[in-house]
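User: Hello! I would like to walk through this model with you, one chain and one contact at a time. Could you take my questions as they come?

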Amino acid sequence: MAELIVNDTPLALDKHGYLANMQLWNKQVAEEFARLENIALTNAHWEVVHFVRQFYLEFNTSPAIRVLVKAMAQQLGPDKGNSKYLFMLFPQGPAKQATRIAGLPKPAKCL
Amino acid sequence: MRNILLLQRSSPFNDGKGREALDMILAMAAVEHSISVLFSADAVYQLLPTQDHTDFKLKAYPRSFKLFDLYDIEQVCVCQQALKQRGINAADLSIDVTVLDANGIAELFARQHQVISS
Amino acid sequence: MTRFGLLLTSDSFASQSLASALLFAKTAVNHGHCIDHIFLYQDAVCSAAQHIDLPADEPDLSAELAQFCQQHNIALLFCVTAAEKRGVVSDRLMARDGYTSAGLAEFAMRQSNIDKLVQF
């Protein structure tokens with residue numbers, strides 16, 4: 001199984017390269033995933049990362065892009081709750097990249 | 001746009017039917033059909049407040065029912081008789097639901113274009 | 001003429017669902033009705049497996065369904081997430097010929113094309 005090395009500690013990854021145990025997530029883990037995704041984390045990125053993590057803790061599921069947009073629009077306003085803004089921050093797919101950086105399972109691709 | 005009813009009949013403890021039915025509900029709502037959900041028979045157990053019931057080795061997907069609001073699913077109903085038979089109070093359920101008797105259920109069905117059951 | 005959608009949710013070995021769906025589809029088409037899609041979900045996705053291997057004296061309904069759909073230009077779809085969960089398809093494992101990987105979103109959108117949905 002693939003691993004992510006953070007502070008000399010190996011963390012198991014799932015088949016898709018996402019953190020296998022979401023409890024082991026911390027700031028350094030997020031930064032390491034961001035490096036792999038070629039993303040330099042700014043405050044705007046962190047806001048989304050914390051948002052999807054909070055979303056998961058509340059609803060027990062990783063948000064697909066459509067839901068992420070809607071939920072962010074409700075909580076943070078239309079400036080941030082739109083797919084253009086999210087794609088600017090996470091060009092390879094906001095739901096896919098933000099959930100990985102947030103240490104969550106990959107969202108279902110059929111939704 | 002269609003009126004589509006998702007009929008939930010399965011207990012959350014025995015199989016993954018309820019879990020996959022939830023994905024179906026959310027997919028239907030996301031393309032803006034008018035969605036109703038009816039929990040009947042053992043599916044009313046899906047509505048009990050659950051945390052991670054790790055003993056069952058199943059995902060605690062009923063926690064995602066709180067997403068119904070976000071998806072604008074307004075018609076979330078539960079069969080009155082199914083609750084009564086199992087000694088469950090509507091007030092103890094994890095989300096707000098409309099309790100329907102047999103007539104109410106018949107009216108709900110009559111309004112639908114499609115019904116999908118799990 | 002009625003436009004139908006068919007939804008299969010039960011396993012084709014454990015139940016009669018695939019046989020009934022096939023019979024229904026053939027009869028509907030013979031009577032001049034049209035079938036927009038046949039969608040496999042839950043345990044029915046197992047019929048989309050490439051490596052189904054049956055003895056010659058047992059009917060291969062999954063192959064028969066694929067052939068029928070091809071003949072009549074019916075979209076034969078399966079939910080890719082449900083199939084991946086069951087190991088029916090993966091990055092390295094294609095579905096059986098004639099079966100198209102799709103999402104629940106596509107099934108949801110197709111509901112606007114039909115008059116009636118029949119579930120097996």
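Here are some questions and answers on the chains of this predicted model and the contacts between them.

User: Let's start with chain B. In what order do its elements run from the N terminus on?

Analyst: Happy to begin there! Chain B holds 3 helices and 5 strands. Read from the N terminus on, these elements follow the order β-α-β-β-α-β-α-β.

User: What radius of gyration does chain B have, and what would a compact globule of 118 residues have?

Analyst: The C-alpha trace of chain B spans about 40 × 30 × 20 Å along its principal axes. A compact globule with 118 residues would have a radius of gyration near 13 Å, so chain B agrees with that expectation at 13 Å.

User: How much of chain B counts as buried?

Analyst: Let's look first at how the chain contacts itself. Taking the contacts in chain B with a separation of 6 or more, 75% are between residues 24 or more positions apart. As for burial, the share of the 118 residues of chain B that count as buried is 54%.

User: Now chain C, please. In what order do its elements run?

Analyst: Chain C contains 4 helices and 5 strands. From the N terminus on, the elements of chain C are arranged as β-α-β-α-β-α-β-α-β.

User: And what share of chain C counts as buried?

Analyst: The C-alpha atoms of chain C fill a box of roughly 40 × 35 × 25 Å along the principal axes. Its radius of gyration is 14 Å, which agrees with the value near 14 Å for a compact globule of 120 residues. In chain C, residues 24 or more positions apart account for 79% of the contacts with a separation of 6 or more. Of its 120 residues, the buried share is 49%.

User: On to the contact of chain B and chain C. How much area do they bury between them?

Analyst: Chain B gives 19 residues to this contact, and chain C gives 19 residues. Carbon and sulfur atoms carry 51% of the area buried between chain B and chain C, and that area is about 1400 Å².

User: Which residues form the salt bridge there?

Analyst: The interface of chain B and chain C has 1 salt bridge, alongside 10 residue pairs in polar contact. In the salt bridge, the closest N and O atoms are 2.8 Å apart, and the partners are C:Arg86 and B:Glu20.

User: Which element gives the largest share of the side of chain B that touches chain C?

Analyst: Two elements of chain B give two or more residues to that side, namely helix 1 (17-30) and strand 5 (114-117). By class, the side of chain B that touches chain C has 9 nonpolar, 5 polar and 5 charged residues. The largest share, 8 residues, comes from helix 1 of chain B.

Key. Residues are numbered from 1 along each chain as its sequence is written. Chains are lettered from A and ligands numbered from 1 in the order in which they are written. This is a predicted model: local features need pLDDT of at least 70, side-chain atom pairs count only at pLDDT 80 or more; totals for chains, interfaces and linings use all residues. Side-chain values use heavy atoms; hydrogens and water are left out. Contact means heavy atoms within 4.5 Å. Buried area is the accessible area (1.4 Å probe) that two parts lose on being put together, summed over both. A salt bridge is a side-chain nitrogen of Lys or Arg within 4 Å of a carboxyl oxygen of Asp or Glu. A polar contact is a pair of N or O atoms within 3.5 Å; within protein, one must be able to donate a hydrogen and the other to accept it, and residues adjacent in sequence count only if both atoms are side-chain atoms. Ala, Val, Leu, Ile, Met, Phe, Trp, Tyr, Cys and Pro count as nonpolar, Asp, Glu, Lys and Arg as charged, and the others, Gly among them, as polar. The radius of gyration is taken over C-alpha atoms; the globule rule is 2.2 Å times the number of residues to the power 0.38. Buried means under 20% relative accessible area, exposed over 50%, partly exposed in between (1.4 Å probe, protein chains only).
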